[in-house]
Amino acid sequence: MIGNLPFVACMVLIALGFWTLLFKRNLVKLVIGVGLIESGVNLFLVALGYVRGGVPPIYTYAPAGAPMVLPTPQALTLTSIVIGLATTALMLAFAVVIYRHKGTLDARKIRELRG
Amino acid sequence: MTVVVRTIARLLFPVALAFGGYVIMHGHLTPGGGFQGGAVAASALAMVLVAFGPSRLKDKKGLLSALESLGGTAFVVLGFLGLGVTFFANVLAGSHGLFGRPVPYGPNPGDLNTAGTLPLMNWAVGFKVLAGLGAVVLLFALFGGEDDR
Amino acid sequence: MSAHIPILAIAVPLLGGFAVPLLAKLHKGLRDAWALLVVLFVGACVGYVAVHVFTQGLWVYVLGARHPQETLAPGGFPIRIMLVVDGMSAFMGVIAGLLALVAFPFALRFLPEEEGKSLALTLGLLLLAGILGMAYTGDLFNFFVFLEVTSIAACALIGFRTWTSRAPEAAFKTMLLYSLSGLLFLLAVAFLYGEYGALNLAYLARELRGTFVDRLALGLFLAALLMKAAAAPVHFWAPDAYGEVPAAKALLLVVNTQVSLYGLWRVLFTLYGGLWDAGVGWLVVALGLLTMVVAAFMALVQTDLGRLVAYGAVSQIGYMMLGVGVGLVSLAGRPEYGLVALKGGVFHMLNDALTVGLLFLCVGAVEWTKGTRDLRELGGLGHGLPEVALCFLLAGLALAGLPPLNGFASKILIYQGSFRLSPILTAVAVLASILLLAVFARAFQGAFLGPKAEVPNRVPGVFLLSMAVLAVGLLVLGLVPGFFLEGVVTPAAEALWRGRALYLAAVLGG
């Protein structure tokens, strides 16, 4: 059961993220919602690659024959974190520009483009 | 910011940069690499921004964008180096030249002079991330109004 | 050197994009020449790849291996990132290359220097690299990375004109949808990785057993890629994005949605092709019908020429989904009409690229001369801009699917195929086409007819050249579709229809 805890945690994170996206109207909170989903997915990837009692895959003092944690999901997670950083920075930059133009971050009040 | 913060920022700035460089340099041996090291180095820039305000770094935007383009270009060019074999092939590994020593077998403290093009790519990515993140933080700071205490 | 051409098509625009800001510091003319050179090179590469693939079969290129065709690592497991170009990928690459060749010369003249021209060129080249990466890759995670490259580049292109208040809003909305779509895709990839321990598309396709997790992953793939392709329930970002991006760069966004659809076909036909499920095909058909009808109705009420064309573009996505969806439904029994509809859907991707591309160029030309795109202010431009008016008319009629233009050539195939499955599908599709005809008749009348309006700026020659290339393509594809249908579209459709075994064999051997 305790071994499934990371998976439960990432499902909770993803659900929280979707809840934020659906029910929050502040642009910065929407960005946070995307960030929550992203953390959930990243945690899921890392948890997939864990081997009980494994050593890190880049440890040069690893004893011969010791089980190693899968390196691929860690590489995937890292890539995904980097991409997430770029998207978050871009979205926040747009939020700042929107605030400068409209003076508010409320998604209901800024809508010029509709229909 | 106060004198205390500014003095400590002055002291820590080279240390943070050096630590970033260390993380980049050992990217092929220890956890870390170009992105992480670049992020650490960019945190040094962020510290300077917090301590001294964005006005001091305002004219560095051109430099940062040039450095970022240079890092990106270098990374792709390193990929092109492998074209004699395949794109991204590690032509320097095992060549006994730059970063070309064979990887030692068995438990060992790690040899910096291995892994071929990977350390060079780490440096390219490191500079790109340092410049890119630095530019992002700088732009956000400049957005935030002209508060320059 | 010619062995490396597929990767050069991706790496050169990447390098070109990174080098543009450096060259801009040296000399502006040098930067423009460089961007043109890169796009020409990419066009040549995708053309070469297409000819090679159509004549000699699949082209596999493994990155970082000892030689480009070494797909399996010692142990018989495909561990490296690889490019696998089959007929459909090559077809998609040709569409991307063609539109880039048309869009970049136009953009070089269209974008003002003081409004971030270097930035727009960089982002355009990065977007192109991402699109070609998505089209050529044979690795699911690599596909995700290129998906995000296109997302970030596209949204930065939409929002970089920060001095307008609408562009950042459109960009934020689009980025939210794009990043959500990317994360859903990554979650699906993670599910498959957790179950089979691999990321290679061909390997996963062979191993897939149709468990509950596989079906969950399929649902996530569908949601992610349809979201990015602007299919009906989540199409609302597309008009904003197309409307706010500089008109010359809208062409690349059109290819971006198409390549997301291509990714969906790749997932449905190659990855899940062994586990046939009519329900998924019907879902694609239903969403396709919804997309075309909703978008056509929304286009009726638009007053902004850019948004009107954008809704027209979204409705065309519905036709592609209908054609390929009918093919998917009939995949198990493999009746011939399934292949006809599939061919129509695939052909329509090329036609849509040309038609919508031409419409956006016309919108750009109108904006360039009059400084506005509001239909309530426009009118009478036909006297001053007869060439633009003619192109707009041609493209509008092609979009509505009137003979003898190219839209008719592909829509008739879709109608034929879908009619055999159910006449209701065809009826809805024809209805949407009639609506689109009304839309573009109104738009043409509003913008180009009426009392003569003075035209402050002349249309530059390069605009007309770009538009002429697409207009000639429209006519040629409409008048002699047989040649392209046999030479280009059929191999692409066959790659989806029967090509799965070849795809797997090319990567995994045997």
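**Ground rules.** I number residues from 1 along each chain as its sequence is written, and chains are lettered from A and ligands numbered from 1 in the order in which they are written. Since I am reading a predicted model, local features need pLDDT of at least 70 and side-chain atom pairs count only at pLDDT 80 or more, while totals for chains, interfaces and linings use all residues.

**Entry 1: chain A.** I looked up the secondary structure and found three helices and zero strands (DSSP runs numbered from the N terminus: helices are H or I with at least four residues, strands are E with at least two). Along the sequence, chain A reads α-α-α. Its radius of gyration, taken over C-alpha atoms, is 19 Å, well over the 13 Å that the globule rule gives for 115 residues, so chain A is more spread out than a compact globule. That rule is 2.2 Å times the number of residues to the power 0.38. I also noted a C-alpha box of roughly 65 × 30 × 20 Å along the principal axes.

**Entry 2: chain B.** Here I found four helices and zero strands, in the pattern α-α-α-α. The C-alpha trace of chain B spans about 55 × 35 × 20 Å along its principal axes.

**Entry 3: where chain C touches chain A.** How many residues does the contact take from each chain? I found 27 from chain C and 28 from chain A (two residues are in contact if their C-beta atoms, placed from the backbone, lie within 7 Å). On the chain C side, the elements giving two or more residues are helix H5 (140-159) and helix H6 (166-196). H6(C) brings the largest share, 16 residues. I sorted this side of chain C into 18 nonpolar, five polar and four charged residues (Ala, Val, Leu, Ile, Met, Phe, Trp, Tyr, Cys and Pro count as nonpolar, Asp, Glu, Lys and Arg as charged, and the others, Gly among them, as polar).

**Entry 4: one helix pair.** Next I checked helix H3 (residues 71-102) of chain A against H6(C): they pack at an angle of about 165 degrees, with axes 9 Å apart. H3(A) and H6(C) are therefore roughly antiparallel (angles over 145 degrees count as such). Among the residues that meet are Leu90(A), Met91(A) and Phe94(A) in H3(A), and Phe172(C), Met175(C) and Leu176(C) in H6(C). The residues of this helix contact divide into 14 nonpolar, three polar and one charged.

Notes: Axes fitted to C-alpha atoms, helices over the stretch in contact; angles between N-to-C directions. Parallel < 35°, antiparallel > 145°, perpendicular 65-115°, else oblique.
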